[in-house]
Amino acid sequence: MITLISSDKRKFHVLEEVANQSLTIRDVIEDRRGRRRADRIILVTNINSKIPEKVIVYWLRHFLMPEEIAHASMSHKKAEKLKKWEAKFFDTDIDTLNDLILAADSLDIPSLFDGACEKVSDILKNRSAEEVGEISKIENEFTHEEEEEEIPSENAWVWRNEFA
Amino acid sequence: MDSMSMDTDGTHVPIIPGLPDEISLLCLARVPRCHHFTISCVSKTWRALLGSQEFLQTRQKYNWQETWVYALCKDNSKWNTMLCVLEPQLSTRSWKVICIVPTPCPKRDGMAVETVGERLYLLGGCGLGENATDDVYCYNTSIFHWERVAPMPMARCYFVSASLDNKLFVTSGLGLTDLSPNSWDVYDPSSNTWHSHKNPMLTSDIVKFIAFDGKLYTIHKTAWNNVRFAGVYHPSMQIWHGTKNEIARQALGPTAVVCGSLFSLDENCGKKFMMWREESGSWDTLGRLSDQLAKPPCLLLGMDQKVYVVGKGFGTIVVFADKAVNGAGMGVLVCNSLCPRPDLMDLSILSCHSVTI
């Protein structure tokens with residue numbers, strides 16, 4: 001069992017095998033193997049407690065269905081189920097997704113990182129530029145004149161739905 | 001990336017607030033290309049990102065690239081040229097029309113179209129009853145933006161052009177003044193400059209350029225007796241010399257270079273699909289293609305190790321170039337066909353280029 005401590009001092013106890021999904025944690029455990037018990041405490045300083053909770057939920061779900069097995073022998077039904085679960089897991093606001101991406105980046109959890117980035121890119125699909133700007137809290141910085149000049153008008157990019 | 005995401009007053013504008021720019025790049029680069037137009041309208045920073053080399057390199061690195069075909073078409077009923085953007089969908093045996101982009105010079109004929117990287121160039125041409133023009137327009141396909149770039153040193157229409165080593169080569173054509181009938185001009189997109197060269201060849205009867213194998217093959221046809229001959233220009237050494245004239249025999253029709261090989265289509269009598277064999281210095285007939293699927297006049301388009309034989313209404317026969325190079329028989333070469341689109345039958349297809357982003 002190892003202990004993760006978030007920036008707001010909450011402790012999370014996780015099975016080593018589960019936490020091993022983070023390559024950063026796995027390396028730390030490997031480094032400290034055979035040492036005292038206190039060394040099994042890992043500070044995750046840059047993230048608040050809401051995120052480790054989510055990360056651990058993600059770990060547990062994936063621990064039950066490790067990636068390698070998932071690819072080799074998982075039945076179609078189970079794969080569908082995992083997909084559905086992930087869709088629900090990532091169905092959250094952009095701030096949480098950003099935090100998840102940052103946590104996955106610093107803890108080195110490739111599948112979580114990819115999943116969250118994919119979700120961010122999904123959010124950008126099939127929306128108008130204004131909606132995207134609103135969701136991702138981006139100011140468009142275009143001055144009024146630039147907007148007239150630089151943004152290609154509808155004419156410059158004629159969507160022909162009847163052709164689609 | 002820093003230079004591009006700086007605001008005018010020098011403060012850093014994050015691509016996505018709350019994420020480091022290199023991670024935001026990973027999120028944006030995986031957005032499919034059909035949504036890039038919307039992305040480009042969100043903010044200046046995003047537009048700059050879409051147009052940046054990092055963005056293109058990231059899509060390449062993670063294999064997120066998509067290839068679209070840009071076809072310059074003329075609407076015969078309205079005498080109007082436009083750019084049709086399409087994507088071949090081999091699984092459903094059809095072309096998907098992504099959009100139709102008006103060109104800045106819709107009423108013009110005899111233009112040349114070339115691509116360098118993600119940029120598409122429309123050069124020269126002439127309007128109805130007008131003289132040839134030296135105008136050059138550049139369409140940046142990654143940010144959907146037309147701009148006028150440095151004009152050609154000389155007005156030309158119905159001329160010869162090629163893209164090689166990130167440079168454009170133009171020569172010959174109609175509309176030339178008698179001052180320098182032998183000129184040929186080279187455009188460097190990185191510096192937006194043209195350089196006029198004296199024609200390195202002794203003759204001015206060049207009818208086609210083929211960029212192939214890092215060299216520029218020049219195909220000639222003498223006006224007085226229609227004799228065809230060929231030459232090779234080495235851009236790095238800037239020298240030109242004659243070569244086996246055999247290559248000129250079939251190179252006047254549509255050609256494409258794929259998998260390091262040169263393919264040609266002879267439409268004089270049926271549809272003969274041929275490949276140039278450098279070692280034997282001859283054209284090898286690979287087979288005959290159906291006239292029904294790709295109605296003449298056809299164009300050749302090389303992409304993804306395949307040759308697309310594109311006919312009227314975008315009816316297309318797709319041939320495996322890699323298998324042809326390895327010497328497989330014609331029976332296994334044709335891998336697929338794409339149905340003509342009835343809605344595009346009225347268009348004359350003037351050129352086809354693929355751009356991968």
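**View 1. Helix α1 of chain B is largely enclosed by the rest of the structure, because 8 of its 9 residues (21-29) are buried.** Here, buried means under 20% relative accessible area, taken with a 1.4 Å probe on protein chains only, and helices are DSSP runs of H or I with at least four residues, numbered from the N terminus. The buried residues are Asp21(B), Ile23(B), Ser24(B), Leu25(B), Leu26(B), Cys27(B), Leu28(B) and Ala29(B). Their cover comes from both chains: it includes α6 (94-107) and α7 (110-124) of chain A, along with α2 (36-42), α3 (44-50) and α4 (53-61) of chain B. A word on the model: it is predicted, so local features need pLDDT of at least 70 and side-chain atom pairs count only at pLDDT 80 or more, while totals for chains, interfaces and linings use all residues. Residues are numbered from 1 along each chain as its sequence is written, chains are lettered from A and ligands numbered from 1 in the order in which they are written, and side-chain values use heavy atoms, with hydrogens and water left out.

View 2. Contact means heavy atoms within 4.5 Å. The two chains bury about 3400 Å² between them, 69% of it on carbon and sulfur atoms; this is the accessible area (1.4 Å probe) lost on putting the two parts together, summed over both. There are 2 salt bridges between the chains, each a side-chain nitrogen of Lys or Arg within 4 Å of a carboxyl oxygen of Asp or Glu. Have a look at Glu118(A) and Arg30(B), whose side chains form a salt bridge at 3.2 Å, N to O.

**View 3. Ser43(B) sits in the loop between α2 and α3 of chain B.** Ser43(B) is buried, with a relative accessible area of 1%. Setting aside neighbours within four places in sequence, Ser43(B) is in contact with Ile138(A), Glu139(A), Asn140(A), Glu141(A) and Phe142(A).

**View 4. Four strands of chain B form an open, antiparallel sheet in the order β12-β13-β14-β15.** Strands are DSSP runs of E with at least two residues, and two of them pair if DSSP finds at least two bridges between them. At the edges lie β12 (206-212) and β15 (239-242), each pairing on one side only. The twist averages 25° from one strand to the next. Antiparallel β12(B) and β13(B) (residues 215-221) are joined by 6 bridges, and Phe212(B) has Lys215(B) as its bridge partner in β13(B).

Note on methods:
Buried means under 20% relative accessible area, exposed over 50%, partly exposed in between (1.4 Å probe, protein chains only). Axes are lines fitted to C-alpha atoms, for helices over the stretch in contact, and angles run from 0 to 180 degrees between N-to-C directions.
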